[in-house]
Amino acid sequence: MKTFVAIALAAPALVAAQQGQWAQCGGIGWTGGTSCASPYVCSTLNPYYAQCLTGSGNPTTTTTKTTTTPVTTTRTTTTPITTTRTTTLSTTTTTKTTTTTTGGQPTGTGLNALIQAKGKKYVGFCADSGTFGNAQTAAILKAEAGQLTPENSMKWDATEPSQNSFNFGNADALVNFAQTNGKILRGHTFVWYSQLPSWVSAINNKATLTSVIQNHITTIMTRYKGKIYAWDVANEVFNDDGTMRSSVFSNVFGDWTFLDVAFAAARAADPAAKLCLNDYNLDYSGAKLTNFVALVKTLKARGVPVDCVGTQSHLIVGNGAIPSYKSTLDSLATTGAEVQITELDIRTNSSPSSSQISQQQTDYTNVVCGCMKQAACAGITVWGVSDSQSWIPSVFSGMGYALLWDANFNKKAAYTAFVNGINC
């Protein structure tokens with residue numbers, strides 16, 4: 001959580017600073033510069049975040065005095081059993097001055113700023129040059145994201161297609177975009193059964209595979225040392241029934257010690273980076289979640305440096321596990337590791353009904369609220385910006401509509417639901 005005491009003392013000197021495009025210029029708790037260099041104007045995106053954006057009209061300033069008297073609110077949560085919770089709010093009186101600008105682009109409302117104001121580390125999105133190269137996507141990422149995760153550019157087949165011959169072009173492009181725009185990065189991913197080049201899959205000797213894992217991780221992490229906040233060192237190591245997934249790694253090692261090798265190499269390559277074990281379908285209280293948690297505890301007990309655990313959360317609208325999503329995060333938190341929601345999307349029919357759209361709102365709010373209510377949950381990564389760029393339609397026929405912006409880059413009701421989850 002941010003501390004503003006020391007910064008506030010220097011505020012008078014900072015106010016005169018001229019902020020450049022995309023820079024923060026206001027919001028609750030902000031003590032930095034509040035004026036923007038020409039031709040940019042300070043645009044209020046939400047109560048917590050104002051940003052220097054290009055405006056097509058003069059900024060207008062409004063002052064609103066809001067007085068809240070004691071009221072009783074009732075919130076009904078629909079689960080297999082309907083429950084009602086009543087909350088009495090205390091009396092407060094606040095005066096707030098806001099500045100709004102007409103015609104500014106992008107029109108984001110700062111998800112990352114909003115979640116950071118609530119004490120979390122980030123809202124992020126997956127991206128690569130093929131997506132952030134789109135001007136609309138880039139504008140949204142600049143305004144809304146605090147973190148970026150490579151969708152494909154750091155996977156093994158992209159970075160080391162042939163042994164010891166590395167390709168960093170697309171990964172470098174993402175790192176440069178993130179650094180230029182002040183975003184942190186999650187690295188994704190090293191040890192994974194999928195998107196492996198054939199030369200890795202063909203290895204059948206433990207000593208050789210150990211050396212290959214160590215060389216691959218060391219080379220990539222050394223290149224980006226100090227630039228990556230967290231790495232998915234291993235991904236999807238379990239089957240859905242909670243058993244060890246068959247892969248070249250598990251088959252050659254015959255046990256979980258391939259994780260020992262991978263995490264040890266990662267720690268040595270960049271001691272400051274958080275090292276994560278990531279998986280999907282952990283959103284249900286079943287054997288997979290139970291065994292995942294047990295494995296992390298076992299690894300940590302023998303000194304394997306697992307700093308964070310990731311639940312991908314590729315969900316389906318109306319899934320019965322979503323109302324109790326927080327319980328999944330609670331279980332993951334028992335590992336003592338940082339918890340991250342790493343690949344969130346909630347799919348439905350590609351042309352959903354109004355009831356499906358409404359349910360999607362409820363589902364997004366539940367998931368995001370679950371993170372907000374679990375102290376170990378550091379942040380949320382949404383797996384894409386626009387529905388036009390989502391992986392889902394190509395994998396699940398007839399499905400889609402899973403993200404916060406539609407195919408035309410318009411914010412959907414799911415966006416508002418996400419905000420509601422942050423504010424739950």
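Leaving aside neighbours within four places in sequence, with which residues is phenylalanine 418 in contact? Contact here means heavy atoms within 4.5 Å, and on that basis phenylalanine 418 meets Leu111, Val123, Leu344, Tyr364, Val368, Ile380, Val382 and Leu404. The model is a predicted one, in which local features need pLDDT of at least 70 and side-chain atom pairs count only at pLDDT 80 or more, while totals for chains, interfaces and linings use all residues. Residues are numbered from 1 along each chain as its sequence is written, and side-chain values use heavy atoms, with hydrogens and water left out.

The secondary structure of the chain comprises 16 helices and 19 strands, these being DSSP runs numbered from the N terminus (helices, H or I, of at least four residues; strands, E, of at least two). Of its 424 residues, 49% count as buried, a term that stands for under 20% relative accessible area with a 1.4 Å probe and protein chains only. Among contacts with a separation of 6 or more, 71% are made by residues 24 or more positions apart.

Phenylalanine 190, placed in strand E12 (residues 184-192), is buried, with a relative accessible area of 1%. Although phenylalanine 190 and tryptophan 156 are 34 residues apart in sequence, their C-alpha atoms are 6.4 Å apart in space; Trp156 is also one of the contacts of phenylalanine 190 beyond four places in sequence, which include Trp231 and Val233 as well. Asparagine 235, in strand E13 (residues 230-235), is likewise buried, at a relative accessible area of 2%. Not counting residues up to four places away in sequence, asparagine 235 touches His188, Thr189, Val191, Trp192, Asn278, Asp279 and Gln312. Its side chain is joined to that of asparagine 278 by a polar contact of 2.8 Å, where a polar contact is a pair of N or O atoms within 3.5 Å, one of which, within protein, must be able to donate a hydrogen and the other to accept it, residues adjacent in sequence counting only if both atoms are side-chain atoms.

Methods:
Buried means under 20% relative accessible area, exposed over 50%, partly exposed in between (1.4 Å probe, protein chains only).
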